[in-house]
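I opened this notebook to keep a record of what I looked up in one protein model. The entries follow the order in which I worked.

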Amino acid sequence: MSMKLLMGNEAIARGAIEAGLNFAAAYPGTPSSEIIGTLAEWAEEFEYYVEWSVNEKVALEVAAGAAYAGAYSLVAMKQVGLNVASDPLMSLAYIGIKGALVVVVADDPGPHSSQTEQDTRTFAKFAKLPVFDPSSPEEALMMTKDAFELSHRYGIPVFLRPTTRVCHATAGIRFSAVEKNQPEGFVKDSKWVIFPRLSYVRHQWLEEQQLKLSREFDSNRWNYIQSGKKIGILAGGVSVLYVREAAAILGIQPAILKIGNPYPLPTGKISEFLDQVEEVVVVEELDPVLEEGLIAVAGQKGFTGKIHGKISGLLPRAGEYSIALIKKVLANILGMPDSEEITPESGNEKAPDLPVRPPVLCAGCSHRASFYAVKRATKNANAIYTGDIGCYTLGNAPPLSMVDTCLCMGAGVTIAQGLKRVEPDRPIFAFIGDSTFFHTGIPGIINAVYNNHPVKIVILDNSTTAMTGHQPHPGTGKKAAGTAGEIIDPVQVVKACGVKFVETTNPLDLKSAEAVIRRAMEFQGPAAIVMRAPCANTFKPVRRFRIDREICSDCGRCLRELGCPAFYREDSGVKAALQIGPACHGCGLCSQICPLGAIKAE
């Protein structure tokens, strides 16, 4: 078969197709987003259904419904999305499925783009569901296929847990034949209706499957011992590759136990490994899942050798690992040269000093205008600004400084309500993006109306899910595969929720936007302002602005108050003159605040 260069996420998508995929759903979240994006591109060719759902809970539930009817289903999310999906997941572990259901959860050690570093392997143990932990894009494809097979055979959901480095790595992937699964259809049965008595019976059944799975994992291809010296290394996920490279650099040959199924642990294989070594180093990112399991097995069999890892204090519990870090760890244990105190940064070469470049809102971003309008309208009001998850979280940075809190998806609207009850005399503004509004914002708005929390909700509607790659959402009128869908207008939804003050404005019309904000502040009750302007990265600019140097006084107000990255200072030999570079997207916000009218459209 043919071979192509694919990202890990693309390889997962291909693995699902080869397994006989019928149904796929997800909510976008880095580092998992490309899985559904790739499946959407191939949906017509391979005849399966794919959708962007409004949130992870919904995605899991619709995928489960398809699996009830015999479909091979896949649902994808990032690790914090699993929190949203946890309610149906825990019950699905008991109820089970009919076709197959693979739950892809992309963990983010670091983290690179997440609120937490939570470990899906720990969640798998909590849910009592098996998990595959790939170390490369090639393994990600093959494990995806194995996960479908295992899910179908046991009748339960199965986790696939790639991490950021696996999701975004690339490798040559060899394609195999595509299997076809024909769903039988839903068959009525009392087992699909969960009641306490059924839960008790199914809990017993699920516990029995843990032992069966552990024994099966003892002999499958993802858990194996690589023979070596009396020092052994237990590793899983991408850490396996770090261990192999670090050992090669040091010129040592440790015995390596690679674990590709961290839950249920293949305890028989671990016991076999302990019989071959005198000392063990456990290398895994985030939680000490493998280490805790190893310690339990070692205790049962009376292993007296040293066990090094997170629990012993040798390896860090937070952050990503690296080849350099593992090299330092092994050198430290073996007493080799250059060993020193181990930290998450250990072994990393000193990089050249670079200019500080914090993430900022793009040039022409309408969110900048929204934040600035609210900031001006609430000047000297001692207001609190609650934020949410998305590009607009970057509004917390100076000079805007307009995000005082950020917790999780949809929490800005509800955090604001608690703050308002404790500080009723302070204006509270809650910012939420349009995609996040559909994800988990609506219940909070209903709560504000029902309990009469007089917060001011600013919906930043730029008609896309920008931060994760411009995926569509219910307000865009487009679906995952590019076909047309119903447009659900946030304005109509908010009105239907009972909000009495709802106004729409273009934040790039600064004067009008400020007027709307002031009216909302005067309204006695919950109020919603929809700031509507397209994301600057979704269209080409039709104009750009420049600074008329004959008029400009170099007061710096435009740069000082807006922080737009299109501005720069040009060394003219006398003083650094303010200029607007080619990054300008033509929003015109700066021209509206220049006191001398020195900023003009070209």
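**Entry 1. Basis.** I noted that this is a predicted model, in which local features need pLDDT of at least 70 and side-chain atom pairs count only at pLDDT 80 or more, while totals for chains, interfaces and linings use all residues. Residues are numbered from 1 along each chain as its sequence is written, and side-chain values use heavy atoms, with hydrogens and water left out.

**Entry 2. Domains.** I looked up how the chain is divided, and found domain 1 (4-218), domain 2 (222-333), domain 3 (366-538) and domain 4 (545-601). These bounds come from an automatic or database domain assignment. I then took the centres of domain 2 and domain 4 over C-alpha atoms, and 57 Å separate them.

Entry 3. I recorded the search rule before the result. The search runs on a 1 Å grid over the protein atoms alone; a pocket is an open set of points where a 1.4 Å probe fits, with protein on both sides within 12 Å along at least five of seven lines, whereas in a cavity the probe cannot get out. Lining residues have an atom within 4 Å of a point. Grid points are joined across faces, edges and corners, and the volume is the space filled by probe spheres set on the points.

The largest pocket has a volume of about 740 Å³. It is lined by 42 residues, of which Ile389, Gly390, Met409, Met467 and Thr468 are the closest to its centre.

I next asked which helix gives the most to the lining. The answer is H15, with five residues. Helix H4 (81-95), helix H14 (411-422) and helix H15 (434-450) each supply at least two residues. Helices (H or I, at least four residues) and strands (E, at least two) are DSSP runs, numbered from the N terminus.

By class, the lining has 16 nonpolar, 23 polar and three charged residues. Here Ala, Val, Leu, Ile, Met, Phe, Trp, Tyr, Cys and Pro count as nonpolar, Asp, Glu, Lys and Arg as charged, and the others, Gly among them, as polar.

**Entry 4. Cysteines.** How many disulfides does the structure hold? I found zero, a disulfide being a pair of cysteine sulfur atoms within 2.5 Å. For cysteine 555 the nearest cysteine sulfur is that of cysteine 594, 6.3 Å away. Cysteine 555 is partly exposed, with a relative accessible area of 41%; buried means under 20%, exposed over 50% and partly exposed in between (1.4 Å probe, protein chains only).

Entry 5. I placed aspartate 548 in the loop between strand E19 (545-547) and helix H18 (557-562). Aspartate 548 is buried, at 14% relative accessible area, and its side chain makes a polar contact with the side chain of lysine 600 (3.3 Å). A polar contact is a pair of N or O atoms within 3.5 Å; within protein, one must be able to donate a hydrogen and the other to accept it, and residues adjacent in sequence count only if both atoms are side-chain atoms.

Glutamine 209 lies in helix H8 (residues 196-217) and is buried, with a relative accessible area of 4%. Its side chain reaches the backbone oxygen of tryptophan 205 at 3.0 Å. The C-alpha atoms of glutamine 209 and leucine 129 are separated by 9.2 Å, although these residues are 80 apart along the chain.

**Entry 6. Backbone geometry.** Most residues other than glycine have a negative phi, and most peptide bonds are trans. I therefore listed the exceptions under this rule.

- A cis peptide bond joins tyrosine 263 and proline 264, with omega about -15 degrees; proline 264 sits in the loop between strand E11 (254-259) and helix H10 (267-274).
- Another cis peptide bond joins proline 398 and proline 399, with omega about 5 degrees; proline 399 is in the loop between strand E14 (384-386) and H14.
- Lysine 128 has a positive phi, near 60 degrees, and is partly exposed at 22% relative accessibility.
- Asparagine 380 has a positive phi, near 65 degrees, and is exposed at 76%; its place is in the loop between helix H13 (366-377) and E14.
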